[in-house]
Structures are given as structure tokens and as C-alpha cells.
Amino acid sequence: MSTPRPSRSRQRATGFWQPELIGIVVLIAAMYLMPYVLVDDFLISKYSRYLVFGLLAMALSLSWGYGGILNLGQALPFGLGSYCMAMALKLRTIPVQTGAGGLPDFMVWNNVQQLPWFWAPFYSMTFAIIAGIVVPSALMAALGWFMFRGRVTGVFVAITTLAMLVVVNLLIIDQQQYTGGFNGITDLAQLTIGGIVFDAYNRTTFYLIATVCSVALLSGYVLSRTKFGLILQAIRDQEGRVQYFGYDVAAYKITVMAISAAVAGLAGMLYTIVMEFASPTFLNVPLSLSVVIWCAVGGRGSLPGAFFGAVLVTGVQGALSESKTFLDTWTLVMGVLFVLVVLFLPSGLAGLISQLLAKIWPASDHHRDETIDMKSNRPEEIA
Amino acid sequence: MQIVFEQVLTGLSIGSILLLAALGLSIIYGTIGVINLAHGEFIMLGAYAAWALKTYVGVSLLPGLVLIFLGVGLFGWLVERILLRRLYQQPLDTILATWGIGVVLQQVIRLTAGGDLRYVELPPSMAGSVSILGVETSAYRIFIFVVAALLFLISWFIIYRTTFGLKLRAVVQDRGVASSFGINADRVYSATFAYGTGLAGLAGAIISPLKSVSPEMGTGYVVDAFMVVVLGGVQSLFGTVISAFSLGEVTGVIAFLQNDTIAKAIVLILIISVIRFRPQGLFVAKVRA
């Protein structure tokens, strides 16, 4: 439709101590300090939930901010991970809450006589944890293969991922006898690994989540610095050129979808542990779109930014959720904020902070052109 | 035979509603290339406008239609001028922005008009039913069919038989060349967007007596409308019509055979497959750039 605008590179690709890494270190420190500030166990549990959302947003930032793949179905791998964990924990509940022969209660209510084959392996917790990462990852990789091998790009990727999310959501609600349907899987046992009980309201769970988040943030950062991460960013900025260099663009995109889904699945499993149930709302459209908001507000091109964006937005939302009017107004504010961020601050809070830093220490900063330019330079995306 | 004819009529009725909902989206998407995720909310605005006009001003539905078309169209014009204009270079961001606008509109309506269901009454002159070849049909559904057909013809006429349409098609084909021939592309885009949103408002107002009016009502319509556009093919008004009525018939048959959820899932998978294997749409023979 018009000529491509000259592209500004997002940030200097080399050098290890980027502001991004400093941001991650600050975030990790803040996470571990939180239990000393929040004394109430209930608050700790709430805060753990926000961290899980942070992890989910960070996973989206990998595929969206770095790979340029706007996955509107990010809640799909999250929900699948959550269900994997819930299935394993459901099979561990004390017999009172289950039917004859350890059959989950909702199956008894739906006249299911025998445990379905795909439930049986979930007696093993090891299997469940592996499945919670591999199943979402494989599904999203398959979806990525379907899309990217057919050169589906831009807005159509967004629509396809969203539609896929709705399909799985509908199926889970429809297959009530195997999935608990609309109610989800409730009355779960507590996760116990090696004698350590992960109660939703104790600090062990919190430290588990904080540790997983820290490891994920650091690994994500390292990934973004590898050759893989660099080519991914090149694909985001100029897909055509990377292709002409002989790289298999689709393979890179499929891989990042799979990695992002694996992290999202992990977040889903943690979410089940904190919430003590799994429900179809964990993979519905509103949640999926919320992840996009968190990411955009925090800074889609920055892993700690996206993480912090999610914690911030869900934190405020949680604080206001006592009143319906407050919550409605907050949703309105979020909508306005989101539109403004998309229009004027495409790199989110993270971009704002790095711009400010560049102003404060212009001399010491070696990367003065830190403004993250996420604008697509691909006019061919306009259908 | 009777049952078949009834099915055909039901399908036509669903199809005309689909066409109403999709026409504005199709025009905007086909010309500006913006997937307007707020389209459903513009439909919702139209429905609320019909309700508010009746409740507070006392203007009934039919005379209000012109007002609603102009009002929602003006609103769309403002949205294009103030917001979307800045994002044409970034198609992904237009999705996000229009979706954000949708959220804002929903919340504004929820906070002002309340979250309860509202009802708009049928125009008394069309409350009855008409018998066509022995099948009783509500007069209002026939009215909808006629309006949808009329709006389609008007849109076709504007795009293919007026100077404005000529300019519009020129801008769509090559914005740069069109601009150098003295066509104000910005103005053409705003006008087109306003027209498309006006049509959405009209659709909402006309549909409102049949369905309950709620802040969330738009979500379903945007999905349906998008489905119609994807199946019909971008930049193809005729494709939109054919796909609206075929989907109408298919939906009618599925509703007849039942199992709603699976049907919905199948339709979505169908859309995904169309996007993947036939991105130009089902009903387009050739596509010009």
C-alpha cells in the first residue's frame, strides 16, 4: 500500500549487560523480597497468581515481541497446562471426593463407568508435569506448522490462533463427561513432591513460582541473545530479507511458538496449584486478550517489561475487584490505556523507562537509540 | 417439500441478518484493509441508539434509522480521523487498537445504560406475519431481507457507479498513483470508514427488535461478520452476498439438525482452513492487487 519505512533496529544485538538484563535482576530481587513485605498468607497467594500471569505474558512477549507473531490464543497452551496439572491432582484426591474405584466425581455424575484412556497416565505426576509442557507445546507447534508452512502472516495469524482457542474451549465445555465441562476440574489434592506440600496459601508455593519465573526470565533473556533469538528478531523486522538469506523462516517461527507455548503451559500448571482448580475460563477469549494487553502495556519487546506489565495490571485489578463499579471502570480505563499504548507507546512501559534512562545518562549509555520500534515494516501484511 | 421451503426461508432470514452485519465490515476491510474488531460494538451502538431514541426521545425505530446511520457513521468518522489513521502502516496494531476501542465502547455502554438486557419493540405495522407459498413468515423478517438487499445495491452503486466509488477503487489499487492524480486518499478512507460503521449501526438498529440488546451483543456479530467476509473473499461485494446467504442456509440446516457447540467448532475450523488454503476467499475467481 505504501513504501516501507526505514527500519530502526530494536536494540543493539551484542553485549551481555543490556538494560533488559538489569530489569530482570531487579524483578527477581523484588519477587524474593515480597514475602517480607506482605505478611498475610492470603496476600502472598494473590501475589503468586500475579506472578503466574507475568510468566504467561513473558511467554507471549517471546513470540510476539521477538518473533512478530501476534498469538491471540496465548491462553490455549496456558489452559492446557492447567488441565494437565488438574487431572493429575484430581486423581490424587482422597477417595471420599471421587467415585467408585477412584473415578473423579464429575465422571460418576455423567455416568462414565471407566477412567478414559487419556486420563490413566496422569496417575504419574512425572508424566503430568511433562505433559503439561509437551502437550501445549506440540499443539501450538502443529498450529504453527499449519500456518507458517502455508505462509499465513500478519492479521491472519492473529485470527487463526484466536479461532483455534475458541475451538478447544468449546470442545472442553462440550465434553463434560471427560473434562468437567463448564465447571472445570475442582476439589483437587495438593501437590506433593518429595514430601514437600505445595499448599496454595503457603510460602513454599510462592517460592516455587518465584523460582520458576526467575529461571524462565533468565533463560528467555539468554535465548534472545543467541543466534536463534537474533534471527527471530530479524524475521520480525524484515521477514522477506531473512528468507532470501536462505533461512527457513517458518521453522524459526514454529520453534518460537513451541517455546512460548511450553512456558505458557508451565504457567498454567502453576496457576492450577495456586487456584486449586482448573476451569474453561483459563483458556477463554477474554483471558487470552488480556495477556495481549499486559504485554502491550509492559512492553511487548521486553521480557521483564511484559512480565511487569502483567503483574501491575492484574495487581491493580485485584485491588479494585471488591466493587463491581470499580472493576467496570477499571476495565474502561484499561481499554483507553491500551488504545493509547498501541497508538503512542508501542514499546510500552519498558520503552518509556529506557527512554527516560537515556535522557538521564546520555553519556554513559552506549545505546542511545534505545526506542523500541515495533512497527511493522511489512506493507504486504495489509491484505 | 413444505419443510424444505421453510428451511430455505429460515436460511434466507439468517443470511440477510448476516449480510447486514457483514456489509460494513466487508467494505472497510476490502478497501482500507483494516480488520475492524470494533465492528460488533458499532452494531451494538446502533441497537442502543434505537433503544435510546425510543425510550428518551420517543422516536420509533423506522424514522430513527436515518438518524442512527448518520450518528454511528459520524462516530466512526471521528474514530478513523483521531485513531486509526495513525496505524495504517501497522496492520497488526489496527487489530489491537480497534479491539481496544471495542472494549471501551462496551464499558461505556455498561456504565451508562447498565448491563441489563434492553428490548426494542417491533414496528407495529410489521408485527404480523405474511404467508408465502403456504409458509407463515414474520413480516419483519421480510423487511430485513428487503433492507439488506437494498443496502447491498446502494453500496454496489456507490462503489461502482459514482465518482466517489471510482476514487475509492483507484486508491485501493494504488494509493500513490491515485494521490498524484489529485485524489485525497485520506478523505476517501475516512468517508469509507464512516460509511462502513454507519452500516454497522444500521444493522444493529434493524436487528434490535429480534434479539435482546446487551453490551456484549457485538462479540457474536463480529465473529459472524468476519466469517462471512473471509469466506466471501476480500474486495468482493458479490462474494460477501453469496457467502452470507450460503452461511445462512448452512446455519439453518445445522440448527435444524442440532448440536450447536460442535457445529460452531466445525465452522471455525472451516474458517481456519479457508485462511490457510484459500486466503482469497471461496467465491472469488481472480483477485487483482
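The legends below accompany several close-up views of a predicted model.

**View 1**
Chain A has 383 residues, 58% of which count as buried, and its secondary structure comprises 15 helices and 2 strands. When contacts between residues at least 6 apart in sequence are considered, 79% of them join residues that lie at least 24 apart. The chain exposes about 16,000 Å², and 67% of this area is supplied by carbon and sulfur atoms.

**View 2. Helix H11 of chain A, residues 249-275.**
This helix is made up of 27 residues, which at 1.5 Å a residue should span 39 Å, and because its end C-alpha atoms are 38 Å apart, the computed distance agrees with that expectation. H11(A) is mostly covered, with 23 of its 27 residues buried.

**View 3. The residue that follows H11(A).**
Just after the helix comes Glu276(A), whose phi is positive, at about 65 degrees.

**View 4. Glu239(A) and its polar contact with Lys253(A).**
Glu239(A) belongs to helix H10 of chain A, which covers residues 239-244. Its relative accessible area is 13%, and Glu239(A) is therefore classed as buried, since the cut-off for that class is under 20%. Through its side chain, Glu239(A) makes a polar contact with the side chain of Lys253(A), at 3.1 Å.

How values were computed: Residues numbered from 1 in each chain as written. Chains lettered and ligands numbered in written order. Predicted model: local features only at pLDDT ≥ 70, side-chain atom pairs only at ≥ 80, totals over all residues. Heavy atoms only, no water. Helix = DSSP H or I, 4+ residues; strand = E, 2+ residues; numbered from the N terminus. Expected span 1.5 Å × (residues − 1). Buried < 20%, exposed > 50% of the residue type's maximum accessible area, 1.4 Å probe, protein only. Polar contact = N/O pair within 3.5 Å; in protein donor to acceptor, adjacent residues only side chain to side chain. Contact = heavy atoms within 4.5 Å. Areas by Shrake-Rupley, 256 points an atom, 1.4 Å probe, with all protein chains shown as cover.
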